[in-house]
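Please read it alongside the sequence and the model.

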Amino acid sequence: MSALAQAVDAALGEGGALAGALPAFTTRPAQQRLAVAIARAIEDRGELLAEAGTGTGKTYAYLVPLIVSKRKAIVSTGTRALQDQLYHRDLPRVRDALGIGVKTALLKGRANYLCRYRLEQAKGEPRFTSREQVAQFQRIITWGGRTRMGDIAELDGLADDSPLLPLVTSTTDNCLGNVCPFWSECFVVQARQRAQSADIVVVNHHLLLADLALKQEGFGEILPGAETFVVDEAHQLSELAALFFGEGLGARQIVELARDCITEAKDVSAAMPVVDPPAQQLERQARDLRAAFENAPVRGTRQRALAIAAVEDGFVDLLAAMQSLRKALEGVRESSPGLDACHARAGEIVTRLERWLDVAVDDSDDVCWYELTPRGFRIQRTPLDVSGPLRQHREQSKAAWIFTSATLAVGGEFLHAGKRLGLWEPETVLEPSPFDWQANSLLYLPKGLPEPSDRGFTAAVVDAVRPVLEASKGRAFLLFASHRALKEAAELLRDAPWPLFVQGQAPRGQLLERFRASGNGVLLGTASFREGVDVVGDALSVVVMDKLPFAAPDDPVFEARLDAIRRAGGVPFRDEQLPQAVIALKQGVGRLIRSESDRGVLVLCDPRLTNKSYGKIFLDSLPPIPRSRDVDDVRAFFADN
């Protein structure tokens, strides 16, 4: 064992630095084995794929070798919330316990930082639709005058989807760069400078991928210096990478450009009469195109969109309006940096629109598709396979790459995850959850449920789950495969004796906080809610999943990927649909037992687990949970609690 591996093993062992400094720390052999494997990968600049079940302590298992090695490292997490937790809580604890003075930095995408220029521009724009928005904007102004970091996360109570955020943050499109009058006090620039001089930089997958894909977030000079990359929640990476290595355009970008053109033109007297008419026309065309989509599916291929005559005409008119605005800006672009930036943005949007609409281009490696939101739309060109570019960037970095998650293996194998990430022969580590699943959990498979395609399936699920909820006195998280099923179940449970918390009723964080505080609540969500639920203790004692989480059949990218596998001689179900669903199921199951003292019942309602041959693959990928088909066993489980 190398000196680094020995030091890491000792720090995490009995009588080690962490045991001595952290009161709640307990030595875990699985954590030590994982940390030693990570230390080896750091020294060899190798590639490691590691599944660490819930309770292994994977965060400390990679932080200890990173800090002890003293090499410049990037740690990437799945969400901003995990990023904040890692930087503000876990990293300082481990660093202080080890007594090693490494310099750390937190780096987010530019949309997470206040833009002083955009804030000043917004002050003169009465775009607010309610008194609440006016009050929120005033809060932002007050906070903007005292904040040191400019991180929007400091603003409590501002929703992630607040319409104020685009007004006070910048994007790569509308940032003025070094010609901005606030360049010297730019929070984005300051965050980048802190990261450049840090030993360990905490980012999230969006920022990591934006940099790898050269979608300039303005941080390109940081990643090349790193000697180690740790990708936590690595099961998310390949899906996100497909978006970043592709190309997209949304209605919001178009509308924001139109409005920014008018705002910038107000400061240049000769520009207003030139810019205002085409900018107003562009915003109208974006709205008209969304209206033309009204009866179309929420997601679909480009071919399906353009088969609707009104949608095809809408795109033609939108492109013409964009070209008209670009031409108008050409004559006034030199009047101000803001108008010059708008001209560049208009040119880029015209190019993206033309590329997406050009059906003559060979799309064999990409899929062109659209997605609708309640008031807007997004068009996207997505590569079907990102393993090549991911592998290329890793090889160019000449760094160690560690990919870890609680859910990477399928049936004990890493073939699916490795292939998606472009890993040919990585080192692999599989450390199961050390929790006592045999004693502390029960898997209940209700009998007599209809097929998932049956119209009465959700009602049957609710009927099967009621006696479980009565035995547990609520304290449950119910996961549904669709929003339709979620709404139906919420209606059926409306008169239940437990407080109901339904996804969409409030922001995720607020909903989770209320659920925890209730003590006996029932939380209902869909797959998108799955990974954000981390509730330790009695408040969550039951996890219910209505169906096996196979990807939605209306996903155009997923369908195109299956077609590509079929053309290459593969078997789509075996090679893609099944492993993806197994990993998603493991994510849902992982919500149940979050600590050594947690106890709970997992309810899987899909009859395919027992009447289809592939059901065994799902069951074999779960922790060693005792199984039952008798609800009396559930009652006995909670009676013993």
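Which residues does Leu-209 touch, not counting residues up to four places away in sequence? With contact taken as heavy atoms within 4.5 Å, Leu-209 touches Leu-237, Leu-240, Ala-241, Phe-244, Phe-245 and Leu-390.

The model is predicted, so local features need pLDDT of at least 70 and side-chain atom pairs count only at pLDDT 80 or more, whereas totals for chains, interfaces and linings use all residues. Residues are numbered from 1 along each chain as its sequence is written, and side-chain values use heavy atoms, with hydrogens and water left out.

**Nonpolar cores**

A nonpolar core is a set of buried Ala, Val, Leu, Ile, Met, Phe, Trp, Tyr and Cys residues joined through side-chain atoms within 4.5 Å; buried means under 20% relative accessible area, exposed over 50%, and partly exposed in between, with a 1.4 Å probe and protein chains only. The largest such core has 51 residues, and Leu-209 is among those with the most contacts inside it, together with Leu-49, Leu-107, Leu-114, Ile-140 and Phe-403. A second, separate core of 42 residues includes Leu-22, Ala-61, Leu-86 and Val-94.

**Aromatic pairs**

Rings of Phe, Tyr and Trp (its six-membered ring) pair if their centres lie within 6.5 Å, and planes under 30 degrees apart count as stacked, over 60 as edge-to-face and the rest as tilted.

| Pair | Class | Centre to centre | Angle between planes |
|---|---|---|---|
| Phe-229 and Trp-401 | stacked | 4.1 Å | 5° |
| Phe-293 and Phe-377 | tilted | 6.3 Å | 35° |

Helices (H or I, at least four residues) and strands (E, at least two) are DSSP runs numbered from the N terminus. Because Phe-229 lies in strand S5 (residues 228-231) and Trp-401 in strand S10 (residues 400-405), their pair ties together parts that are 172 residues apart in sequence. Phe-229 is buried, with a relative accessible area of 3%, and Trp-401 is buried with a relative accessible area of 3%.

Phe-293 lies in the loop between helix H13 (272-292) and strand S7 (299-301) and Phe-377 in strand S9 (residues 377-383), so this pair ties together parts that are 84 residues apart in sequence.

**Cysteines**

With a disulfide defined as a pair of cysteine sulfur atoms within 2.5 Å, the structure holds zero disulfides. For Cys-186, the nearest cysteine sulfur is that of Cys-175, 6.3 Å away.
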